[in-house]
Amino acid sequence: INAEYMGHLLSVYFFFEMKALFVLLVLPLAHCLLVEWYSLDGRRADPCVNVQKLDADVNRLDCAENTRLPSPATTYLLPSTDSPTARRLGADVQLTFRGKNLRNGFLRLALPGQESCSVIDAAIPQQAATVNTNRDQITFNVAGFVGFVPVSDLPRYLCYSATTAAGPYQWTGIRIGTVWNCDDNSDQAANKCAAYVAAIPADRYRDPKFQRIEMARTKCCSSATNQGQTTIRPGQCINPNVEKCCGATALSQNQKCCSTTAETSAWVDGVCPCVRDSSGTDCPADESCCLASKYADIAVANNPIYFDKDAGECYNWKTHRCCDTGKRYDPGSHQCCVINGLQSINTPCPCSSDAHCQGGQSGLKLTDQKCCFQTAPTPLELINNNQANTCNRFNNFPSGQGETSTQRCIGTCFDSRYQICCNGATCNLEYDACCNSTCCNQFTGACRQGYRPGTPGAPHNWNSYREIFDVCTKIEQLNHVNVFWVFIMPTALLIAVILSLAISLVFANRVEHKARRGLEKLLLIAALITILTAIPTFFAPVYKYGVVIIFSGFFTIIAVAARKIPVYSATAVILFIVIFYTWDPFHGNDYLNLSSDRVVNGRPDPASAGLLHSIQKMHSDPESCALFYDYFRLDPQNRDIARVDNPNIVTFGYCSRGWITNLLYFSGFCMIGVFTQFVLVVIALLVRGGFLREQAEAAYAAAYQSAFGHH
């Protein structure tokens with residue numbers, strides 16, 4: 001197997017298997033050019049420069065802006081040359097710098113207060129650094145720096161070069177400073193800060209203000225047991241009005257002490273650092289150390305994933321949480337994802353199973369979180385079972401942190417307490433319905449089944465022919481107002497008519513036991529037919545015509561039962577008005593017409609003049625019917641007009657052409673029934689009024705005289 005093939009094989013192995021073999025064999029090769037700085041004689045290096053590549057870019061910053069710890073946290077203190085004689089540094093003091101992948105090289109100091117190693121103080125000689133066989137420690141003589149660093153100087157960067165004494169140099173994460181080595185616990189007055197203040201030269205500072213500040217250093221910060229520095233443990237004098245002690249370290253008011261034992265500190269609003277091998281003593285009393293644990297199952301001996309000096313962050317569980325990447329976070333704004341670490345809580349975590357949604361935080365798991373991904377049609381990743389390889393916690397190895405948009409996962413997490421998964425889309429449980437993969441708001445839309453074209457306007461595409469899809473539609477949505485007009489009102493009218501008809505017939509049967517004439521029987525039958533044929537109008541916008549016609553029919557039944565001339569007269573007038581209303585014979589007149597609609601300019605609409613015209617308008621313009629109900633339109637998105645559905649059929653239900661045609665026939669018979677009732681009522685009125693009876697009696701008398709008059 002050639003080298004090119006082996007490289008390709010290892011690359012594939014990394015992306016699809018992510019096993020420990022890659023961690024044990026490949027990663028150390030990648031780290032061979034990386035230097036890691038841990039601590040100088042117990043003083044910890046700044047984590048922001050923990051790992052650095054040895055290159056020739058001397059102009060780059062060693063740490064990004066606003067990422068450095070406060071200067072006291074990373075400053076190794078040396079006794080100054082003017083310290084008490086017994087507390088001065090010896091001539092040959094070797095210090096050990098712990099790290100990884102270290103080399104023989106040179107150490108030098110930068111200019112005081114400078115935030116980079118790009119410019120070295122040429123007045124201070126370099127010190128040779130010797131590496132051990134494991135390349136995890138270098139030793140050097142620190143005494144060579146003491147005589148060149150005055151107490152009044154700001155701490156200087158300790159810079160390292162693995163090439164030549166000329167550089168380039170890069171920061172080790174440690175600063176070097178000198179202090180007057182005090183000891184308030186000493187019984188010797190020469191070791192106390194009062195002796196230091198008394199010995200301050202009057203001309204040390206040009207500005208009297210700084211002279212007074214220096215003379216206010218009356219308190220000594222010192223400790224013989226702290227682990228901030230193990231070989232050299234100097235004390236230093238501070239001004240108690242503006243400074244405070246953290247072990248033997250002096251802090252300003254905008255800094256806080258994290259651990260007096262390790263002498264670690266941070267900015268007041270910053271995060272206290274901690275390391276794995278001393279995590280129990282690195283944090284304040286009310287905080288714990290958050291350490292990386294995402295890949296703990298493969299962190300075995302000689303494995304370069306976690307080290308004794310692996311850095312973490314202190315956190316208070318009352319305000320923060322710990323992510324398995326070793327970072328603390330605010331649960332109000334961030335979340336810890338299993339796949340890609342910390343991200344905004346406003347963005348769902350990537351996932352391929354429910355286990356990926358429980359979170360990588362320490363403590364309770366998010367059992368309400370579930371994974372939502374497409375299931376129909378089945379994604380290729382699930383068919384080939386690749387998600388187990390492409391979406392797992394090793395996606396962002398070794399840091400465990402990555403951008404959400406770059407994760408190769410098919411799903412996202414959702415909260416099952418108020419969300420539902422809709423075939424890959426996340427919908428609201430309270431008001432959404434799932435339509436295929438669309439969140440359909442039930443207040444304004446509804447799920448309807450229909451056909452979808454393979455390609456709109458391309459009938460030769462046979463894909464998805466007659467396959468039923470769930471589509472969210474606002475056009476075919478049946479809201480509460482639609483329900484009233486479509487179901488409740490027609491049903492209520494129908495029940496009212498049936499009950500009224502039953503009551504009317506019972507009344508007509510009981511009010512007069514005398515046998516009815518044939519004319520009255522015809523009138524009763526005509527009224528019943530008219531009522532029955534008017535009922536279908538309840539299921540159309542012309543329901544008002546039906547109500548009026550049925551009302552006249554009931555009046556006819558009452559007239560037949562009463563057999564009184566005034567009642568017949570009133571019935572005749574009512575039927576005449578109904579005929580005028582349903583026929584609307586003067587619809588061409590602006591004042592005598594009874595049109596139920598108006599055109600744009602406010603003139604009467606000829607198409608709504610009378611019952612038959614109104615029904616005809618619905619037949620020729622189904623949109624007028626759908627506009628009345630705000631329903632019964634067919635949604636174009638829910639139809640396959642290229643292969644299945646007729647594009648000219650745009651309505652259904654009460655507004656379909658079939659129903660409107662039947663309604664036209666029913667209404668025609670109904671209007672004939674109204675006219676028949678009117679004619680029969682007029683005849684009955686003539687008979688009951690005696691107009692036709694006198695003529696009949698005269699004819700009878702004449703016939704009688706002609707037959708029997710000769711007697």
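P273 sits opposite E313 in strand β19. That strand covers residues 311-315, and β17 pairs with β19 in the antiparallel sense over three bridges; strands count as paired if DSSP finds at least two bridges between them. Strands here are DSSP runs of E with at least two residues, helices are runs of H or I with at least four, and both are numbered from the N terminus. A word on the source: this is a predicted model, where local features need pLDDT of at least 70, side-chain atom pairs count only at pLDDT 80 or more, and totals for chains, interfaces and linings use all residues. Residues are numbered from 1 along each chain as its sequence is written, and side-chain values use heavy atoms, with hydrogens and water left out.

Now for a pair of helices. α13 (residues 611-620) packs against α14 (residues 622-629) at an angle of about 100°, with the axes 4 Å apart; axes are lines fitted to C-alpha atoms over the stretch in contact, and angles run from 0 to 180 degrees between N-to-C directions. So α13 is roughly perpendicular to α14, a label for 65 to 115 degrees. Where they meet, K617, M618, H619 and S620 of α13 touch P622, S624 and C625 of α14, contact being heavy atoms within 4.5 Å.

Finally, look at T556 in helix α11 (residues 543-562). T556 is buried, at 0% relative accessible area, where buried means under 20% (1.4 Å probe, protein chains only). Leaving out residues up to four places away in sequence, T556 touches L523, A527, T571, L575 and Q677.

Methods
Parallel < 35°, antiparallel > 145°, perpendicular 65-115°, else oblique. Buried < 20%, exposed > 50% of the residue type's maximum accessible area, 1.4 Å probe, protein only.
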